[in-house]
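The sequence and model come next.

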Amino acid sequence: MASNDWMNKDFYKILGVKKDASAEDIKKAYRKLARANHPDSNPNNAQAEERFKAVSEAHAVLSSPDKRKEYDEQRSMFGGGFAGRGGGVGFPAGGTAGGNFDISDLLGGFFGGGGGTATRTRTAPARRGADLETEASISFEQAVDGVTVSLRMTSDEPCPSCSGTGARAGTVPKVCPNCEGSGMQTGASGGLFAMTEPCTICRGRGLVVEDPCPTCHGSGRASSARTMQVRIPAGVKDGQRIRLKSKGAKGENGGPSGDLFVLVHVAPHTMFGRKGDHLTITVPITFDEAALGAEISVPTLHGLPVKLKVPAGTPNGRTFRARGKGAPRHDGVKADLLVTVEIFVPSKLSPAARAALEAFRAARGESDPRTDLSAARS
Ligand SMILES: [Zn+2]
Ligand SMILES: [Zn+2]
C-alpha cells in the first residue's frame with residue numbers, strides 16, 4: 001500500500017468513528033458499512049461500490065495495529081487535511097477522482113477485472129513474482145562462448161478468466177463471514193496474549209468464493225507456458241546455477257518479476273577442458289620429440305591449429321601456455337590455451353625402431369634416473 005496516499009484520506013471519518021476508537025468499535029463500524037454497501041446488495045451501484053471499497057480500505061489500515069500506528073503518525077506529521085494529489089477523500093467519496101484507489105490486497109483484484117467502474121490503479125499492493133528454476137543442457141563450445149537458449153517455462157499466474165479472483169465471471173467473491181474481510185482471526189489459544197493469525201476460512205484473503213471460476217476451479221491461479229530466449233553468459237561452468245534477473249514469474253499489480261535460476265549442464269568435450277578462464281588440452285608427444293625438441297601442431301577450439309615449439313629435454317607433463325589461443329572472456333580479452341604434453345609410449349615397435357632403441361640403450365651408458373632413489377634406500 002502506498003503510504004503517501006494515506007494522508008489524503010481520513011479513514012476514521014470514512015468509518016464514522018472517533019480517532020481513539022477501540023479495535024472493537026472499528027470492527028463494528030466496518031461490518032455495518034461493508035454490509036450496507038456490498039456490491040451484492042447494490043448491483044450496478046457505482047457509488048455503493050466506491051463506498052464499499054473506501055470502507056474496506058479504511059478497515060484494512062485501522063484494523064492492523066501496525067498500519068494504524070503508521071497512519072496516525074503520518075497524519076499528525078503532515079496534517080490531516082493535506083491534499084496534494086488526487087484531492088482529499090471524505091466519506092462518501094462519490095466521485096471517481098478521490099475514490100480511485102484499489103484494495104486488492106483485500107479483494108484480490110476483483111474490481112480490476114469484474115467490469116465495475118473502479119479501475120486497478122497505482123495504489124494496488126505490488127507483489128513480487130515468484131522465483132523460478134529450470135535447467136539447460138548446452139555444449140562445451142556454447143558454455144565457452146555463451147549462447148542464447150529457448151526455455152519453455154510453465155509458471156503460476158493469475159487466472160485470465162477471473163482475473164485471479166477465483167469467482168465465476170460476473171460473480172463476486174463474498175466477504176469472508178469468519179473474519180469479516182480482515183483476513184485475520186484471533187487464535188484459539190488463551191493466555192496473556194491473543195495472537196492473530198491468518199483466517200482459516202479464507203486463508204487470509206478476506207473473501208470466499210461461492211461460485212468458483214470453471215477455468216481455475218476457484219484457485220484464481222493459472223499455469224501459463226511460455227517460451228523465452230535466455231542468454232547464458234560465456235564462461236559458465238557445468239553445474240553452475242545462473243540467475244537471470246526479472247525473468248521469473250510476473251509480479252502482480254505492477255510488482256516486479258521474480259528471478260529465473262537456470263541450472264546449467266555442460267557436456268564435456270572430447271579434447272578440451274577448462275581451467276579458470278583458460279582452455280586446456282593434453283597433447284601426446286613421442287620420447288624423441290621430448291628429448292630432441294620438436295615443433296608440434298595443437299588444435300584450438302576455434303580456428304586453425306597453432307604451432308607449439310617443444311624444447312629439447314621437455315619432461316613429461318609439462319604445460320605450455322599458448323597466449324590468446326583460448327576463448328574470448330566476457331571482457332573481450334582472449335584467454336590462453338594451456339597445452340600439457342604427455343609422452344606417448346608405442347605398444348608396438350617396427351624392427352627398425354626396436355634396433356634404434358636398443359642402440360640408444362647401449363649408448364645411454366650408465367645414466368640412471370633412479371640413482372636418487374637407490375641412494376635414499378641405502
Ligand atoms: Zn476469512
Ligand atoms: Zn479463474
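Is Arg168 buried, partly exposed or exposed? Arg168 is partly exposed, with a relative accessible area of 38%. The classes are buried (under 20% relative accessible area), exposed (over 50%) and partly exposed (in between), using a 1.4 Å probe and protein chains only.

## Basis

This is a predicted model: local features need pLDDT of at least 70, side-chain atom pairs count only at pLDDT 80 or more, and totals for chains, interfaces and linings use all residues. Residues are numbered from 1 along each chain as its sequence is written, chains are lettered from A and ligands numbered from 1 in the order written, and side-chain values use heavy atoms, without hydrogens and water.

## Salt bridges

The whole structure holds nine salt bridges (a side-chain nitrogen of Lys or Arg within 4 Å of a carboxyl oxygen of Asp or Glu). One network of them links Arg128, Asp131, Arg243 and Asp259.

## Strand to strand

Arg241 and Glu133 form a salt bridge at 2.9 Å, N to O. Arg241 sits in strand E8 (residues 241-244) and Glu133 in strand E1 (residues 132-138), so the pair ties together parts 108 residues apart in sequence. Strands (E) are DSSP runs of at least two residues, numbered from the N terminus. Arg241 is partly exposed at 47%. Glu133 is partly exposed at 46%.

## Pairs involving loops

Arg168 bridges to Asp211, with the closest N and O atoms 3.1 Å apart. Both residues lie in loops, 43 residues apart. Asp211 is partly exposed at 30%.

Arg321 pairs with Asp336 at 2.8 Å between the closest N and O atoms. Arg321 is in strand E14, and Asp336 in the loop between E14 and strand E15. Arg321 is partly exposed at 43%, whereas Asp336 is buried at 8%.

Key. Helices (H or I, at least four residues) and strands (E, at least two) are DSSP runs, numbered from the N terminus.
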